[in-house]
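Colleague: I would like to learn how to read a few features of a model carefully, going from the general idea to the particular case. Could we take them one at a time?

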Amino acid sequence: MIGQYSELFYLLKGLKMGGTVLHIGAHPDDEEIGLLSYLNHKYGVRVVYWSATRGEGGQNKIGPYTGDALGLYRSWESDAVREKDGAECLFGPFVDFGYSKDAEEGFNKWGRENLLREIVRAIRICQPDIIVNRWTGTHVDGHGHHETIGQITEAAFDAASDPEQFPELKAQGLSSWRPLKLYLSEMRIGHLTPGSAALFGARCVDLERPGVLRINSGEYDPVSGETYQERAWMAYNRHQSQAMGWLPKPGDFYYYFSLVKSNVPVPEQELSFFDGFDPTLTGLLALCSEQNNLKEDLSKTLEEAKKQLQIALDEFRSAEPKASMTSLLNADKQLKLACEQIRESKELSKDTRQGLLYYLNYKIGRLEIVAAHCLGLQLEAIGPHPRTTPGANIEVTTRLWNHQKVPVEAVRYSLELPAGWAQQSLDPAGEATKKLAPLGERFEIQVAKDAELSCPYWLAKPRVRPYEFTWPAGEPSGRSVEAAPITALCHVTIDGHELTIRQALTCREAFPGGFRELPVQVVSPISLSPESKMELLTGSENDQSFTLKLRVENSRYKPTRGEVSITTPASWEASPERDSVTFIEHGESKSLHFHIKIPGGSPAGDYPIQVNLFCEGRVYSVFSDAVRMSAPGLKSASTRDCVKEAFILSPSEIRVSILDIKFVPNLKYAYLEGAAQQVTESLEPFGISLKKLTDREIATADLSEFDAVIVGHNGYLMREAIRKHAQRLLDYASNGGTLIVEFQGYGYQGQSFTPYPFKFTVPRDRVVYEDAPVKILDPEHFLFNHPNKIGPADFDDWVIERGLYFFGEWDSRYLPLMSCADPKEDQKEGGFLVAHYGRGTFVYNAYSFFRQLPAGNAGALRLFANLLALPEARVQERMNILRQVDIFEPLSEEELQAIARLVSELWINPGDIVCRKGEQGDSLFIVYSGALEIVDEDDNIIYCAEAGDYVGELAVLCDIPRTAMMRAQRQSQLLELKRGPVVELLDQHPQMARRFIDVLVRRLYVSNESK
């Protein structure tokens, strides 16, 4: 059995099972993926993975989405993973605030009681017999979020069965539930990465002891023709935004789980998760604590249901799926009878009755899905368009396909709609049941004029707490996404028994490269899209202005008229203040321009501009940002070819930030993008000349045209062209360029990508507290003074973290400039380092500008502006040194600048010999720091050149041997000026040559006179 038959077989196999396993983690990729596949496909039990967060604080390895958009995208990915491993998704309402190092940060930001409540919610939704905790709650978990979940899960295991705990959940229909067992995973790998499979999966004799259960997910599954672990890896690889890439292969693969708690007797050495209780439907009888009439009647009913389901499974194996029809319908009758028995019983507590009915209704829903598939009954509910608007009409066509010609006695259709929406049938009463297959009925739906616009439910309302989303009471809270707003129901009568088939209304479309079925979503009749939600301006004493650009598009399928208005801060002016738009066709769009004038002298700060749309008596005050997933094989997703689409709503407000910031003008930069982020876009308002280089340009462009080359974060890891031409980048720096490298992952180490060696400290090489105090190690360094004076206030209001992938150890030629640390940790100085390399400069920055710049953080922008100014600042620093040297004193600013650009820098250790007597010399050396000894043949020190002194000046003018040996007295930094470039410069500037020679002659004359 392959393809859809195998999936249907697994569903059918699970119907007679009553057991449920809930697996608990912190992020969408924390799951023991082999466990889920193994339990679902081998035993047919229900398996649910609950993640506290949606991973919105992580990095996106495949696309531009970050933050809430990334959380939505990873919810879709998780659904795709579960589709393959057979499990289900649940999520907590907690915001992933980035990498964390300890459990307390999670408890402080999420709230211990809130976290406990939400895991209890998951338990009461799933009604599991078994809970498997992924994390130990200790530092071996590798992430503070993991530790937080590991420490709270056992408390949730106990609290879920207490009817007095969390009455708000009971009010939502989630009564208390007593899980039977709690296990803890023994897979002690906090950060699982592709390629590290050898670290786990092997048999571990030390763990094979009483109290520890071993499973082998490498067992072969004859239904799918692969092992459970192979299927698991194929599922796990669907976490694409996290760059998962595991190689499925056959062979044993072991997982170990310690039994932490059990509410049922178990043998000393368990062989299965289900030792000690009945995991089938009849296991529900354990909830009836005492022997009574209900228990006896319910036992007979559930036994019969289980018997019929086993017959259906046997018949499915031996013949076409529809052979299971009679037994499936009989099982459905028995389960519905069980519900009646429970409802009518006076012997059950309210909580027990509610819990049993909740479980059985879930099972009936699953059974009816399987029955419809086995019988070849397929319900369609097709709408004309994937988007609608408030007040619009939608024509819906429902159709039941009876593929296997099952005798159908009656068909009745209905629609489930949101409150306030209206429907009417467009077919005569009773006509639908008389039609030949496929049977169908048409409806017209009127969307309520005050209908809420579609938005993922956890993002629909502002957060009350900064690290917890605001959820609705009850459904769909906890689900990966909300159900489609319109659902068609088909009530089919077969052999006197009614089945209900459900299908969300979809729009079905083909496009080049694939097809899609999208649910209907409610959007604004005219969509508003700003060119940018944030305008960044430098402060000015003069009036200044900018143009606010809006794109407006008709979302309706008929002519539409609206008016857009702008509300500015007091004393600001908008021209015009409002503008009308009229559209004839769907999808027609226009650009609106509003000229905003800002009075001179406006203080630095943030200023809001409100945008409102007036349309058909309703005011719309939201921007709608589309999040889309592309079809397999397509690199990007547009409105016409995406296979998933949702809209994140935000207040229609433009934030104008007036910043106390300066940029050095007229510098040119090349940007080698790594992971896609909005770094370059954040700099556009300031007129920065920044060119993104393609892979071909990295290999061929004349890099000397650029004052600095910036490698975006993880660029070396994500782009082969950057790795391949890493030496070209270093040569660029050595020849006088400035190479700025944003943080890189562990693969950056040991690859000769840097001018001098370094090592990461794995894994705690980051500072995760975004408010961790930052210490400037050298306040006088030009990077903190030009063109902006950097101080403590510039590190306020950072988001997510301070930085990541700090150097742990580094060569002495790197100069650390800042340090910071998380609480209770030593200061980390490896996050912002500069090194002089040849005539140029190398910078490694681990501070998270990639998060701060798109957020418009003023201090981070000021610091980054100084980093961009480094080429000029470095030249200015060298000019300041040259000015103090008498040989260069007469030169003009232009001439000094030309000399400064020719200077190289050398680091030498104590005792190192710079040159020996008699060697041909071609360099002048200026001591920047340290000391350089001039030594005669008898090793006597003739002269000691200190900071600011220079030696070897004649070598830049003529080809003569060195007259003495030069040796470093201590670790020193030298500026070196080579003869060749100097001679070329002197040829170009004869007046400069005359001055240069004059100074040298005078110095020689003074030297001879002194003798």
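Predicted model: local features only at pLDDT ≥ 70, side-chain atom pairs only at ≥ 80, totals over all residues.

Colleague: How many salt bridges does a search of the whole structure find?

Modeller: A salt bridge is a side-chain nitrogen of Lys or Arg within 4 Å of a carboxyl oxygen of Asp or Glu, and the search of the whole structure finds 59 of them. One of these joins Lys101 to Glu825, with the closest N and O atoms 2.8 Å apart. This pair links distant parts of the chain, 724 residues apart: Lys101 lies in the loop between strand E3 (88-91) and helix H4 (103-110), and Glu825 in the loop between strand E41 (818-820) and strand E42 (832-837). Helices (H or I, at least four residues) and strands (E, at least two) are DSSP runs, numbered from the N terminus.

Colleague: Is Lys101 buried or exposed?

Modeller: Buried means under 20% relative accessible area, exposed means over 50%, and partly exposed lies in between (1.4 Å probe, protein chains only). Lys101 counts as buried because its relative accessibility is 3%, while Glu825, with a relative accessible area of 26%, is partly exposed.

Colleague: Which residue does Glu208 meet in a salt bridge?

Modeller: The side chain of Glu208 meets that of Arg214, at 2.9 Å from N to O; Glu208 is partly exposed at 32% relative accessibility, and Arg214 is partly exposed at 34%. Glu517 and Arg508 form another salt bridge, at 2.8 Å from N to O, with Glu517 partly exposed at 39% and Arg508 partly exposed at 42%. Salt bridges can also be linked into a network, as with Arg117, Glu118, Arg121, Arg465 and Glu468.

Colleague: How many residues of helix H18 are buried?

Modeller: Helix H18 (residues 858-868) is mostly covered, with 10 of its 11 residues buried; among them are Gly859, Arg862, Phe864 and Asn866. At the start of H18, a side-chain oxygen of Asn857 comes to within 3.2 Å of the backbone nitrogen of Gly859.

Colleague: In what order do the strands of the open sheet with E21 lie?

Modeller: Two strands pair if DSSP finds at least two bridges between them, and here 4 strands form an open antiparallel sheet in the order E21-E23-E27-E25. Strand E21 (526-530) and strand E25 (573-575) are the edge strands, each pairing on one side only. From one strand to the next the twist averages 30 degrees, where axes are lines fitted to C-alpha atoms, for helices over the stretch in contact, and angles run from 0 to 180 degrees between N-to-C directions. E21 is joined to strand E23 (residues 544-554) by 5 bridges, the two running antiparallel, and Ser529 stands opposite Arg551 in E23.

Colleague: Where is the place of Ser929, and which residues is Ser929 in contact with, leaving aside its neighbours within four places in sequence?

Modeller: Ser929 belongs to strand E46 (residues 923-929) and is partly exposed, with a relative accessible area of 26%. Contact means heavy atoms within 4.5 Å, and, with neighbours within four places in sequence left aside, Ser929 is in contact with Ala947, Ser972 and Gln973.

Note on methods:
Residues numbered from 1 in each chain as written. Heavy atoms only, no water. Polar contact = N/O pair within 3.5 Å; in protein donor to acceptor, adjacent residues only side chain to side chain.
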